[in-house]
Amino acid sequence: MPLARRVHDEFVALLGAADVIDDPVRARAYECDGLTGSRVVPELVLLPRTADDVAGCVRICARHRVPFVARGAGTGLSGGALPVADGVVIGLNRLNRVLEVDPENRRAVLEPGVTNLEITAAAAAHGLYYAPDPSSQQVCTIGGNVAENSGGAHCLKYGFTTNHVLSMEVVLPDGTQVTLGTDSAEQQGPDLRGVFLGSEGTLGIVTAVTVRLLRTPEVMRTLLADFPSVAAGGQVVSDIVAAGIVPAAVEMMDALAIEAAEGATGAGYSLDTPAALVVELDGTVEECEEQFALVKEICDRHGCTRLHIAGSPEERANIWRGRKAAFAAVGRISPDYIVQDGVVPRTRLAEVLERIEEMSSAAGLRVANVFHAGDGNLHPLVLFSDAEGQTERAEHLSAQIAELCVEMGGSLSGEHGIGTDKACSMPTMFGEDDLAVMDRVRAGFDPDHICNPGKLLPTPRLCGEKPGRYRPHPLEEAGLIERL
Amino acid sequence: MTRAAPTTLRPTSAKEVRDAVLDTPGRLAISGAGTARHWAGRPAEADATIDLSALSGVITHNPGDMTVSVHAGTPVRELQEQLAEHGQRLALDAARTDRGATVGGLLATADAGPSALVYGGMRDLVIGTTTVLADGTMVRSGGHVIKNVAGYDMAKLMHGSYGTFGPVVEVVLRLHPVPKAVACVAVDGPLDAAAAHVQRLMASPLEPIAAEWVSGEPGTLLVRLEGGTDTLPARTGRLLELLGDGAREIGPEGWARHAALTGGPSSRPEQARAAVAAAGPAGTSATALAGAGIADPTAVPGPDPAAPAGAAGDPGAVVRIGCAPVRLAPLLAGLPSTAVTAGPATGVATVTVPGSAVAEVHRAVAAAGGTSVLRDRPDTLDAPAWGPAPSALALLKAVKTQLDPEARFAAGRFEPWM
């Protein structure tokens, strides 16, 4: 049922006609996020310019029980920003100012539409940076990072968005504006900020974020090492950890992923190796050099066939370019693919990869593996051809892999979120009671269920429907974003 | 389950906790080691107390994954001893762990020590929780993997909850390696000078694990570094150079006075020594004090409710304060403190003030945009526990109503807010 004209007029009276998109053709630009298989054209798209206008929009929604979906850059991979039928999308890209960089307190205050990379750009002059680095960081926004509790390659050592957000200005689903969090680590009672972080837009809309900034490390050392097997690479990771070293990042790619990435970037990866490991250390000169020597020794001990050490910032960037291009590059070796985001305890990496290989053979579909080896976050890429009718088999294999991760004591998602994509798998990871209590918490924030409904928690309506297959996001095709 | 007293239940399993919640009508208080019994709002009289101290021990430790799941009543001190055998630790140095504080208690009170500068507090170390709600529902969130965004992060809701949503019965923690070497450097001076040192330190690449000022005549800045056995001396040298005249290396026991001022009534010396050995610098023992090598090591105004500090006739009270780091020193300068520990880089301080000044402290902290909560104080002191209510109070009440509609748990802890 279309929105009443009266509601539409209230939005126009608040924002002006130019900031209310009701033309279905223009609204189509908002029909999906990075989970491009699911699409819903929103009834209206609202583009507020201030926090007060965001609150005004939400108050109108609340008054008329109109569901709303907040949207940043739309790079999310789980459908968190998928519009809701008969609802509105509130786009936050116009709230894109860096409000303050405060080097003395080592923090920055940002509007939600500021991109992740802009934070570090604004802080760099003070020798500071913002640690979480999702690979879409060129375009993804801090508001979206808050919603998804984004990670990145370096979260092994530095943690996730939740560990770096001090406080937020938030518009709750009834339109009230509150502050969650404080100016320090001291809290005022239960940590509602921590609940909001990673809530995938279901608990309200963030209109300003205060983040911690870290001092840029004195040195960074990066190496690329080839191994005769993924298992040998995995053993290296275990030994590094057992040696008491916390690397800034440890990434692994298998032969198929390397083939795709090297073909796309020519970054210098070996085409004939079954596995490659990227290890990065950072810190003070003394510690970094000592630990780097130890890492090299561990690599040798496990039959490393080639060891390449980045000798310059350009070489380091090159190694990372190859690694970060892996997702999109898979498009070169397969017409279609689905990306997964499961997590297993690190010690079960070899086992889970073996099982994935078995499942892959049984399904008759190839799976390329790219993963954050340090924290057990896998990104298996299920390769298939829709034209050859393999879609259903690929989706089944993909879901099987996610659920295998849960079975091994892990999680459905390490960083991409649940959204609509994995909501129906939530019962494999959580019991009925767990999910019911999460729903009660949600009702505390959003009693009318108008804030991004149908996401994160399974609903009969959602789970009766079948999501579409993965297709590359337009931004990804344009080379503007990459996936990690 | 044994009944320690007519109104105290002492469950030994998560299931027994649930049974206790279901079988006991009325208001329930939750206790662990009792080290924060006097913190925050004074608990209203309860119909029964659920004592979780028998719900103790490691459930699963996965050394290779650096995670451990424990029963909530496990004393952190004991956990650290077990983890140390594997070269691992919970990277939390809250002072009251020396007195037997439990994992659940530290989570519920959002307590943290000096190393929160780098490792954060319990909120940053807990990766999963199981909680029993008022209706007997056992709710689990998170899991055994560090990286996990599936579902709401309910563990955060428990952090700082003082049990208001129900007893946490199991906690999964991420672990860190025990550093190969630890160095501590001290330099005497007033807080202003310490804050200036810390500003330069944080702009340097030296990566301090903790930087805290302890009051005295004139007071002492303590800085902790962690690193490799062969490499740390060089970095310590750089730190001494950066801090300049008067900076000197001291033993880890130099932190003893800091712990004594922030952790509440002091403990038995042998316990403190065990904790220092297992977890690094957080001892409170008298022997450690003697070797502290910091200014005025004997003058420790104890925040023990039985032996209050402060002006004669006015019982002293301990208030925990947080604000933007650069606002901390000017804020503290205006408070009638008799003892202070302050983190110029974290903005967190613990102050001992006359009981009659607590309300004034709350006002001054709020005016600086900060937050404050009353910790240890004499039983007789009638002072507000919290500063002004947060803007999200209505939201907090709504979540409370969802999870504990009959307000059975932790009544009084958030007085005067709710």
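I began with the secondary structure of chain A in this predicted model, and I counted 18 helices and 18 strands there.

Next I looked up the overall form of chain A. Its C-alpha trace spans about 70 × 60 × 40 Å along the principal axes. I then compared its radius of gyration with the rule for a compact globule: 484 residues would give a value near 23 Å, and chain A has 22 Å, which agrees. I also noted that 60% of the 484 residues of chain A count as buried. Of the contacts in chain A with a separation of 6 or more, 73% are between residues 24 or more positions apart.

I turned to a sheet in chain A. It is an open sheet of 7 strands, and I read its order as β15-β12-β14-β13-β17-β18-β16, with antiparallel pairing. Which strands lie at the edges? They are β15 (306-309) and β16 (336-339) of chain A, each of which pairs on one side only. Neighbouring strands of this sheet are turned against each other by 15 degrees on average, with direction ignored.

Strand β12 (residues 219-227) of chain A pairs with strand β14 (residues 275-283) of chain A in the antiparallel sense, over 9 bridges.

I then looked at where the two chains meet, and found 70 residues of chain A in contact with 71 residues of chain B. On the side of chain A that touches chain B, the elements giving two or more residues are β9 (177-181), α7 (192-196), α8 (230-242), α10 (285-301), α15 (426-429) and α16 (432-445) of chain A. The largest share of that side, 9 residues, comes from α16(A).

Last, I made the corresponding notes for chain B, where I counted 14 helices and 19 strands. Buried residues make up 64% of the 418 residues in chain B. Among the contacts in chain B between residues at least 6 apart in sequence, 69% join residues at least 24 apart.

Key: Residues numbered from 1 in each chain as written. Chains lettered and ligands numbered in written order. Predicted model: local features only at pLDDT ≥ 70, side-chain atom pairs only at ≥ 80, totals over all residues. Helix = DSSP H or I, 4+ residues; strand = E, 2+ residues; numbered from the N terminus. Rg over C-alpha atoms; globule rule 2.2 N^0.38 Å. Buried ≥ 20, exposed ≤ 12 C-beta atoms within 10 Å, placed from the backbone. Contact = placed C-beta atoms within 7 Å. Pairing = 2+ DSSP bridges. Axes fitted to C-alpha atoms, helices over the stretch in contact; angles between N-to-C directions.
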